Amino acid sequence: MRRHAAAATLLLPLLLCLSARSAQAQATTEINRVAWLTGCWEQRTDTRLVQELWMAPAGGIMIGTSRTVARGAARSWEFLRIASVAGKLTYVALPSGQSETAFAATFVSDTLAVFENPVHDFPQRIAYRRVTSDSIVARVSGKQGGADRGFDIPMRHAATCGA
């Protein structure tokens with residue numbers, strides 16, 4: 001009996017370490033599936049510019065920024081990251097003047113990434129869809145005031161995220 005207890009005592013840390021490495025490897029694989037977000041993306045009209053810039057995955061994390069400029073004035077900005085949080089691929093947003101909010105991945109593929117936080121006020125869902133190698137659509141949606149609300153932000157790949 002003592003021999004089995006000793007073996008279990010030695011094996012448990014090894015199994016926990018292997019499990020943690022497996023979760024980390026899975027998160028790295030998951031984040032590599034959204035590597036297509038890498039680069040500068042923009043939606044430009046005569047009066048408005050929306051830009052998102054995503055760094056390539058490295059160290060299990062993607063770092064992003066976003067800004068909206070309307071009629072020459074900055075209207076909003078955001079710091080973003082996609083990383084593993086508690087073993088789950090998670091989109092974390094820190095919008096201008098607000099608290100950080102995490103959205104857990106509910107679906108990830110080579111062309112679609114969906115992140116949700118059902119208890120957040122609005123939005124509860126953020127999705128990125130790769131249309132072509134040069135275009136994506138960000139979908140922001142959820143319930144607000146009891147009604148379904150959402151909007152799309154179609155963006156094209158840009159050489160730089162300069163104004």
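This is a predicted model: local features need pLDDT of at least 70, side-chain atom pairs count only at pLDDT 80 or more; totals for chains, interfaces and linings use all residues.
Reader: How many bridges join E5 to E6, and do they run parallel or antiparallel?

Author: Four bridges join E5, residues 88-95, to E6, and the two strands run antiparallel.

Reader: Which residue in E6 is the bridge partner of alanine 93?

Author: Threonine 101 is the partner of alanine 93.

Reader: And E6 to E7, how many bridges there?

Author: Four, and E6 and E7 run antiparallel. These strands also form a hairpin, with three residues between them.

Reader: What stands opposite alanine 104?

Author: Glutamate 116, in E7.

Reader: Where does serine 109 lie?

Author: Serine 109 is in the loop between E6 (101-108) and E7 (112-116).

Reader: Is serine 109 buried or exposed?

Author: Buried: the relative accessible area of serine 109 is 12%, and the cut-off for buried is under 20%.

Reader: What does its side chain reach?

Author: The side chain of serine 109 reaches the backbone nitrogen of threonine 111, at 3.2 Å.

Reader: Which residues does serine 109 touch, leaving out those up to four places away in sequence?

Author: Arg33 and Trp36.

Reader: Switching to the other serine. Where is serine 135?

Author: Serine 135 is in strand E9, which covers residues 135-144.

Reader: Why does serine 135 count as buried?

Author: Because its relative accessibility is 10%, and buried means under 20%.

Reader: Which side chain makes a polar contact with the side chain of serine 135?

Author: That of threonine 132, at 3.0 Å.

Reader: Now isoleucine 153. Which strand is that in?

Author: Isoleucine 153 lies in E10, residues 147-158.

Reader: Buried or exposed?

Author: Isoleucine 153 counts as buried, with a relative accessibility of 14%.

Reader: What does isoleucine 153 touch, not counting residues up to four places away in sequence?

Author: Isoleucine 153 touches Gln43, Val50, Ile136, Val137 and Ala138.

Reader: How many residues apart along the chain are isoleucine 153 and valine 50, and what separates their C-alpha atoms?

Author: They are 103 residues apart along the chain, and 8.5 Å separates the two C-alpha atoms.

Conventions: Residues are numbered from 1 along each chain as its sequence is written. Side-chain values use heavy atoms; hydrogens and water are left out. Buried means under 20% relative accessible area, exposed over 50%, partly exposed in between (1.4 Å probe, protein chains only). A polar contact is a pair of N or O atoms within 3.5 Å; within protein, one must be able to donate a hydrogen and the other to accept it, and residues adjacent in sequence count only if both atoms are side-chain atoms. Contact means heavy atoms within 4.5 Å. Two strands pair if DSSP finds at least two bridges between them.
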